[in-house]
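Subject: Model for you to look at, with notes on the ligand site

Hi,

Here is the structure I promised to pass on. Please open it first, then read my notes below.

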Amino acid sequence: MNRIQNYIDGNLKSISNTYLPVEDPSKGEIISEVVLSNEKDFQDVINSSTKAFDSWKDVTPLKRARILFKYKEIIEKNIENLAKIVSVEHGKTLDDAKGSVLRGLEVVEFACGIPHLLKGEFSQNVGSSIDSWSTRQPIGVCAGVTPFNFPAMVPMWMYPISIACGNTFILKPSEKDPSCSIKLAELFSESGLPDGVFNIINGDKETVTRLIESSQISSISFVGSTPVAKSIYEKSAKYGKRVQALGGAKNHLVVMPDANIDQAVDGIIGAGYGSAGERCMAISAVVAVGDVVDELTEKIINKAQTLKVAPWTDNSSEMGPVISKEHKIKIESYIQEGVKEGAELLLDGRNCKIQGYENGYFLGPSLFDKVDKNMKIYQEEIFGPVLCVIRAKNYDEALQLVNEHKFGNGTSIYTSDGEISRHFTTNCKIGMVGVNVPIPVPMAFHSFGGWKQSLFGDHAMHGEEGIRFYTKLKTITSRWPKSIKSGPEFVIPTN
Ligand code: NAD
């Protein structure tokens, strides 16, 4: 059985002899094991990252950028392989996996501009003969804890920027699909990154606790479910750490009666069922405004029924399995609960069997209509291929639904009314907003982050926010005195 180790100081190694199983969710089979690191592994990674920081912080931003340029090239050459590693352990289609690596690569491209991004501000004459300027300096050893659903992209929201800023980085990937991170680290070493600048420690919540409690770690970047995000935020603050903790979501897509319905349906299908609904920017609540509901649900049903659910090895697959047996059972129980609460189940994705993959964790697309805002299936994040249609009399009622929900990650509105769109983008209490765009994921040079229970902390990921998170601001005020010596050599000509 393949054993996935830690990546420390440029080597695959681990001291602990305890391992957790890693599955192929398409087959429902254990395919490898990942090390559950112990205290000695942790000390090893801390020593390596702390030592590497001493010299990495002084490497000039231009030299750091050159390594990142090389890394970009090497990742481009390895996209197919990286995508395959993602698909095997996660189950998403190969195209989807490739797309996610490309989105991560865009952060590397952004980080290549680090000499420019670290330029500070300057004010001349803040007083007579006094100038003031600011600079951003690295914060030290940074840590990242990431979820299973984007094993390449989410880590890449973090470490390329942190490292570009002059920090060293320790990643604790999801124990469910840890292999891609190891490959990404090996490729970074191949690009010329000194040993210890990017380390990986595998494990579960115990390893995360060690990261939070270590006095040698300056910051925690977390992406995962809301209860864990909240607790990580609180604990990290207690230990005096800088923290950004991104949580769960319930993203609403509002369809106005004047929307291009076919475009909206295409968007809903891709954003609701793509990657089996296991995206933090997945659409899980469709708000049908006015009389749009019948045409909308009919078209969603027609399209959803044609979706090909199959393992990633089938090139025509449009939707793979969910991540685990437990998660499949959890999603099925939400569907059961929705029926019990009185929502109308228009499409039931349970009992989805794929020939040859009978033990895989497959679910077909499910669709509920007449969902009420007090129902559990509306209030909670299901994180599976289950769409809830909730009806609103008018725009005002739709906006209220969006704003009253506890999550605030993403939302979108489909309409041809410019005035309504502008009102929506201005007044919705959500971090990332789309207009006639189903998944409004910001590009790498903007920043990714929600509001309310979807983000704990002050900074979103990547873009300028990432640079601010991974650096400390220093402001210098300098008086330029006259020399204590005098003579003709020191005379400044007058104009
Ligand atoms: P999760 O919260 O179970 O795990 C995330 C990470 O935290 C993993 O590395 C895990 O090992 C660790 N962890 C789990 N329990 C912990 C605990 N009690 N203490 C400390 N660490 C712990 O999340 P998941 O199931 O891997 O991922 C799915 C969730 O992530 C969904 O809720 C999804 O919305 C969210 N997500 C959010 C974003 C975003 O940008 N807001 C992006 C991707 C995923």
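How far does a polar side-chain atom of Glu175 lie from an oxygen atom of the ligand? The distance is 2.7 Å. Bear in mind that this is a predicted model.

Ser225 places a polar side-chain atom 2.6 Å from a ligand oxygen. Thr146 takes part through its backbone: a polar atom there is 2.8 Å from an oxygen of the ligand. As for burial, the ligand by itself exposes 840 Å². The protein buries 87% of that area.

Next, the site. Two elements each give two or more residues to the shell around the ligand: α8 (205-213) and β11 (217-223). Domain 1 (2-247 + 454-477) and domain 2 (251-435) each supply at least three shell residues.

Now the make-up of the shell. The ligand is surrounded by 25 residues. Lys172, Glu175, Ser225, Gly247 and Glu381 are the closest. Sorted by class, the shell holds 13 nonpolar, eight polar and four charged residues.

If you want a place to start, look at Glu175 and Ser225. Both are among the closest residues to the ligand.

Best wishes

Terms used. Residues numbered from 1 in each chain as written. Predicted model: local features only at pLDDT ≥ 70, side-chain atom pairs only at ≥ 80, totals over all residues. Heavy atoms only, no water. Near = heavy atom within 4 Å. Polar contact = N/O pair within 3.5 Å; in protein donor to acceptor, adjacent residues only side chain to side chain. Areas by Shrake-Rupley, 256 points an atom, 1.4 Å probe, with all protein chains shown as cover. Helix = DSSP H or I, 4+ residues; strand = E, 2+ residues; numbered from the N terminus. Nonpolar A, V, L, I, M, F, W, Y, C, P; charged D, E, K, R; others polar. Domains from an automatic or database assignment.
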